[in-house]
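Subject: Structure handover

Hello,

Here is the structure I promised to pass on. Please open it first, then read my notes below.

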Amino acid sequence: MESRKREKKLTVLSARTSLPAAVDGLFARVTAILDRARGNAVRSVNSEMLLAYWHIGREIVEALQGGSERAEYGSTLIETLAQQLTRHYGKGFSSTNLRYFRTFYQVYAERTPEIRHMACGESGADLDAVEIRHTPCGVLDDLTLAVEHADRIRGFSPRLGWSQYRALMNVENKAARLFYEIEAEKAAWSVSHLERQIHTLLFARLLKSRDKAGLLNLANEGQVIRKPTDVLKDPYVLDFLDLPDGVPFHESDLEEAIIGSLQEFLLELGKGFAFVARQKRLAYEDEHFYVDLVFYNCILKCYVLIDLKIGKLTHQDIGQMDSYVRLFDDRFTTAGDKPTIGLILCAAKNEAIARYSVLNESKRIFAAKYVKILPTEDELQRELLRERRQIEASRRAADEEKR
């Protein structure tokens with residue numbers, strides 16, 4: 001009898017001892033459920049308001065189309081509606097916002113007013129039915145893509161809010177707008193990051209060295225990383241480094257500024273990059289070489305060596321990077337790593353050197369220009385168009401030489 005009592009007492013004590021751990025586990029699971037539900041509720045509210053803005057924009061457009069064609073009529077109608085809505089609902093319905101709603105509808109008039117369903121693990125926009133054709137007209141000239149049959153695109157992203165669509169509305173080119181929408185959705189871009197990528201013409205910078213198939217894939221799928229050239233852009237915009245303009249500086253100053261703004265530099269590099277080292281020492285017999293920056297791309301599963309040059313690209317720079325890549329592959333790569341990539345970031349490129357060097361055929365060594373101040377959109381477009389034409393001229397010359 002006494003033995004059974006002792007066993008029962010020990011069982012009770014054991015249960016009491018394990019109770020805090022059980023409660024902690026239960027609490028964690030319950031809070032996860034509640035946090036997920038609250039997050040879904042917030043997203044649901046944001047999605048419903050997004051659709052409401054689209055419907056309001058359509059009502060305004062139809063009301064304006066059905067009334068006087070005079071500009072004064074439209075302005076008075078919007079101002080009066082704004083006053084009435086503000087009295088009824090409070091803030092959020094100024095005449096400026098109503099004009100945004102009108103523009104939102106005009107830009108996305110072909111969309112069905114619904115939130116796209118995203119299956120578990122699904123990412124990207126439902127763009128299977130979008131047809132793209134190449135066109136020589138537009139502000140980006142031969143970089144421009146026209147999206148046809150956009151009325152087949154269904155709904156809006158459940159992962160993007162009004163602020164993101166406000167930013168997207170400012171992109172005139174439909175193909176570029178679709179690209180930014182896909183990337184913002186897949187990568188969960190903040191509004192500020194989305195605005196920066198739009199302002200620095202990420203779409204056009206990625207397009208510059210791609211062929212026609214690459215153009216179509218970029219507008220249809222966003223930036224999908226399959227090969228080294230998919231992660232490269234040209235130029236790289238390094239305005240966040242706050243480097244002095246017109247004042248001499250050294251490559252070590254550029255490197256120090258990048259390390260000081262590493263998060264921003266990683267965002268500018270793009271998808272899948274992780275920082276590994278700076279001034280990485282490579283030893284060959286009794287000689288020592290130092291690579292400015294070493295990164296690893298987790299998507300391509302390879303190391304990326306970056307050499308910084310404050311001047312114009314030279315043959316020596318290319319030969320040096322070729323040696324770095326070979327040495328690094330020999331000393332530091334392990335099973336599962338793909339061949340190392342070398343990227344020379346320079347203040348100016350020499351197209352003749354790029355053509356008559358290993359850069360022309362290499363799939364592992366690349367050169368790209370960087371700019372240290374944020375250019376205007378027109379300046380960047382002109383630069384991209386100029387370099388795009390140089391690339392195409394080089395390709396035509398190479399084809400003629402092979403004949």
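Leaving aside its neighbours within four places in sequence, which residues is Glu183 in contact with? They are Ala188, Trp189, Gly222, Gln223 and Lys271. Contact means heavy atoms within 4.5 Å.

Two notes on the source. This is a predicted model, where local features need pLDDT of at least 70, side-chain atom pairs count only at pLDDT 80 or more, and totals for chains, interfaces and linings use all residues. Residues are numbered from 1 along each chain as its sequence is written, and side-chain values use heavy atoms, with hydrogens and water left out.

Back to Glu183. It sits in helix α5, residues 174-187. Helices are DSSP runs of H or I, at least four residues, numbered from the N terminus. Glu183 has a relative accessible area of 1%, so it is buried. Buried means under 20% relative accessible area, exposed over 50%, and partly exposed in between, with a 1.4 Å probe and protein chains only.

Next, the cores. A nonpolar core is a set of buried Ala, Val, Leu, Ile, Met, Phe, Trp, Tyr and Cys residues joined through side-chain atoms within 4.5 Å. The largest one has 38 residues. Phe104, Tyr108, Phe156, Tyr165, Tyr180, Leu194 and Phe203 touch the most other members. Helices that each supply at least two residues include α1 (2-66), α3 (95-107) and α5. The largest share, seven residues, comes from α1. A second, separate core of 28 residues includes Ile258, Leu269, Leu300 and Phe366.

Leu194 has its own contacts. Beyond neighbours within four places in sequence, they are Gln164, Ala167, Leu168, Tyr180, Ala184 and Trp189.

In α3, Ser95, Leu98, Phe101, Phe104, Tyr105 and Val107 are buried. The 13 residues of α3 should span 18 Å at 1.5 Å a residue, and its end C-alpha atoms are 18 Å apart, which agrees. The expected span is 1.5 Å times one less than the number of residues.

In α10 (residues 262-269), the buried residues are Phe265, Glu268 and Leu269. Seen down the axis, they fall within an arc of 100°, so they line one face of the helix. That arc is taken from the directions from the helix axis to the C-beta atoms. Just after α10, Gly270 takes a positive phi of about 115°.

Last, the cysteines. The structure holds zero disulfides, meaning pairs of cysteine sulfur atoms within 2.5 Å. For Cys298, the nearest cysteine sulfur is that of Cys302, 9.9 Å away. Cys298 is partly exposed, at 46% relative accessible area. Cys346 is buried, at 0%.

Best wishes
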